[in-house]
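Hello,

Here is the structure I promised to pass on to you. Have a look at it first, and then read my notes below.

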Amino acid sequence: MQQKNEKSLKDKKEMQEKPSFQRRFFVCVFNLFLISVVFICGYVGVVYLRMPSLDAILHETRLPTIVFLDNTGKEIRSSNRIMGTPVSVDTLPPHVWQAIVAIEDKRFFEHGPIDMRSTARALFVNLFKGRFAAGGSTITQQTAKNIFLSRDKKISRKVQELILSQWLENRFSKNQILDLYMNRVSLVGGMRGIDAVARTMFGVSARDLSVAQSAQIAAMLKAPTLYSPLKNPDKNIARSRVILAEMVRQKYISLDTARSAAAELKPAVGARDTNIYRYWTDYVMEELDSVVGGLDSDVYVYTTLDKKIQERVAAVLPRHTGEYQGAVLVMERGGALLAMAGGADYQTSQFNRTLAMRQPGSAFKPVVYLMALENGLTPDSYVNDSRFAVGDYNPKNYNEHYYGDIPLSMAFAKSVNSVPVKLTKIYGIDSVLDMAGRLGVGTKLKREYSTVLGGSEMTLLDLTNMYAVIWNNGQSVRPYSITKIVKPDGTVLYERNPSEPIQVLKQNTVDAMTELLADVVANGGTGHRAAAPGVLGGKTGTSNDNRDAWFVGATDKNIIGVWVGNDDFSPMSSKITGGTVPAEIFHDIVK
């Protein structure tokens, strides 16, 4: 009995010394919990260390936006604008940001960085449907993702998103977070921010969006391409109606306002195609660099472009060029460039042919005739058109037809070749080059007799400027495209200060030359196809083997230069001359 009691006491003692199963289980779970906490903390720490620099990205740098304005101060195009003009809750009409909050995060102003109610609801829906059918991200979370993170669907990215959301909520007010979201949200075409999209889709700034347009932009936030009012207008309009209903339900707008807005919903037509201005803005960019150098801030560039003339030029040129290329330049008498088309289609070729060096052919002849007029000849003076050679240089007339003794005006109107060469032989090649220098093109020319008939290359800009001097009453002309450059805060970086023009031609010489140019577009002149009401005169030009065809003419206000040819300098097979297609292009622009 005593032994039995001793054994019982021994067993009881052993049981007290051994931990119970429950205690061992609890210890095991607790240790696992501690290990998990350490692991999670370590993982979060590693993820945190790999996070991007918050301040650096929040204040990210970008290329300065350059906004180009026409001669009335209206925007024609912008460069480097992947982000629109910054907007804020305080500067926008309330319905713009209300549409976003209503559909994206209706409890945004009530919850913290995470909306537990929406998250739980989304989790329940996804479990019930067996797929990812609903999301619970707040605007704060979306802002963190849009500004700082990639779109990779990784656990580490989600952890970073939660950390960043908390950081944003601690650092900024709700309105400031909403501002960040509206300015940085990624939408179509690589653009960010609702202002950039408003300008692209509707041609207005975010400050001018209507209730309907605000709903249509808010509709895109779920899936920009799927709900684009430009590509999928039906889906966009259907979702926009849902947003309008939510705005009524959340008492942002009245039912009547929602009904009116619903009636205004329509497909976006997109901002006006700006390709017709691309040759122009490319040219202005070069001028901008020479005027102010590198930019460190956004700027507004006020230019001399006339939108109506540019649109007219862009419509006319492609109709005539066909298999060839062409270029048009319109200049005001004082040098302001009003329109520029460096080719028939910028999308096809970005090469600006108004700046290409080509042979002007007979379009150079006014330089020789100006020299002769200054030396005492008049339009009625007789000259002899016959075969003539200077050394090995033996130019021939078109179709080898010669007129004999004719007035100077007829020689000019018929664009004969022997007379300019004979005049140069009389007065000297240096006199021709001196006159060309006074007109602004002398340094580009060869000291050869072939130069007299347009054998030296120059650009359409050079040639048009040369004629502008004649129609500017003989006063010097300097082409320009920029009148003012201003920062968004109103600081003026540059403002054109025109210099006094120099009288380079005598008035009687100018009067005689304008008479000669008028004869070219009269019946029987080589440029008669350019004739139209208001046309003062012009001159044709065709280089050897019909490689280049030119027409430069004037109206009472503007000088217009036209070139047609092939980029590879090959002859035009259809024998186009300056008096055909270029003269017709000029006519259709001014008619």
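Predicted model: local features only at pLDDT ≥ 70, side-chain atom pairs only at ≥ 80, totals over all residues.

A polar atom in the side chain of Gln 213 lies 3.0 Å from the backbone nitrogen of Ser 210.

Residues are numbered from 1 along each chain as its sequence is written, and side-chain values use heavy atoms, with hydrogens and water left out.

Gln 213 sits in helix H10 (residues 211-220). Helices (H or I, at least four residues) and strands (E, at least two) are DSSP runs, numbered from the N terminus. Is Gln 213 buried or exposed? Its relative accessible area is 18%, so Gln 213 is buried; buried means under 20% relative accessible area, exposed means over 50%, and partly exposed is in between (1.4 Å probe, protein chains only). Leaving aside neighbours within four places in sequence, Gln 213 is in contact (heavy atoms within 4.5 Å) with Phe 202, Val 204 and Asp 208.

H10 is largely enclosed by the rest of the structure, because 10 of its 10 residues are buried. Among the elements that cover these buried residues are helix H4 (94-104), helix H9 (194-202), helix H11 (233-249) and helix H12 (255-264).

**The whole chain**

The protein chain has 21 helices and 12 strands. Of its 591 residues, 49% count as buried. Among contacts between residues at least 6 apart in sequence, 69% join residues at least 24 apart.

**A sheet of five strands**

Strands of a sheet pair through backbone hydrogen bonds, either parallel or antiparallel. In this model, five strands make an open sheet with the order E5-E4-E12-E11-E10 and antiparallel pairing; two strands pair if DSSP finds at least two bridges between them. E5 and strand E10 (535-542) are the edge strands, each pairing on one side only. On average, neighbouring strands of this sheet are turned by 10 degrees against each other, direction ignored. Such angles run from 0 to 180 degrees between N-to-C directions, and the axes are lines fitted to C-alpha atoms, for helices over the stretch in contact.

Within the sheet, strand E11 (residues 548-555) and strand E12 (residues 558-565) run antiparallel and are joined by seven bridges. Val 552 has Gly 561 in E12 as its bridge partner. Helix H14 (residues 307-321) lies across strand E4 (325-332), E5 and E12, and runs at about 155 degrees to E4.

**Arg 353**

Where does Arg 353 lie? You will find Arg 353 in the loop between strand E5 (337-341) and helix H15 (365-374). Arg 353 is buried, with a relative accessible area of 2%. Its side chain makes a polar contact with the side chain of Ser 349, at 2.8 Å. Not counting residues up to four places away in sequence, Arg 353 touches several residues, including Tyr 279, Gln 325, Trp 563 and Asp 567.

**Aromatic rings**

Rings of Phe, Tyr and Trp (its six-membered ring) pair if their centres lie within 6.5 Å; planes under 30 degrees apart count as stacked, over 60 as edge-to-face and the rest as tilted. The count comes to eight aromatic pairs by this rule. Phe 108 and Phe 109 form an edge-to-face pair, because their ring centres are 5.0 Å apart and their planes are at 70 degrees. Phe 108 is buried at 0% relative accessibility, whereas Phe 109 is partly exposed, at 37%. Together with Trp 97 and Tyr 252, Phe 108 and Phe 109 form one aromatic cluster.

Lys 174 lies over the face of Phe 108, 4.5 Å from the ring centre. For a charge to sit over a ring, NZ of Lys or CZ of Arg must be within 6 Å of the ring centre and within 35 degrees of the ring normal.

Enjoy exploring!

Terms used
Polar contact = N/O pair within 3.5 Å; in protein donor to acceptor, adjacent residues only side chain to side chain.
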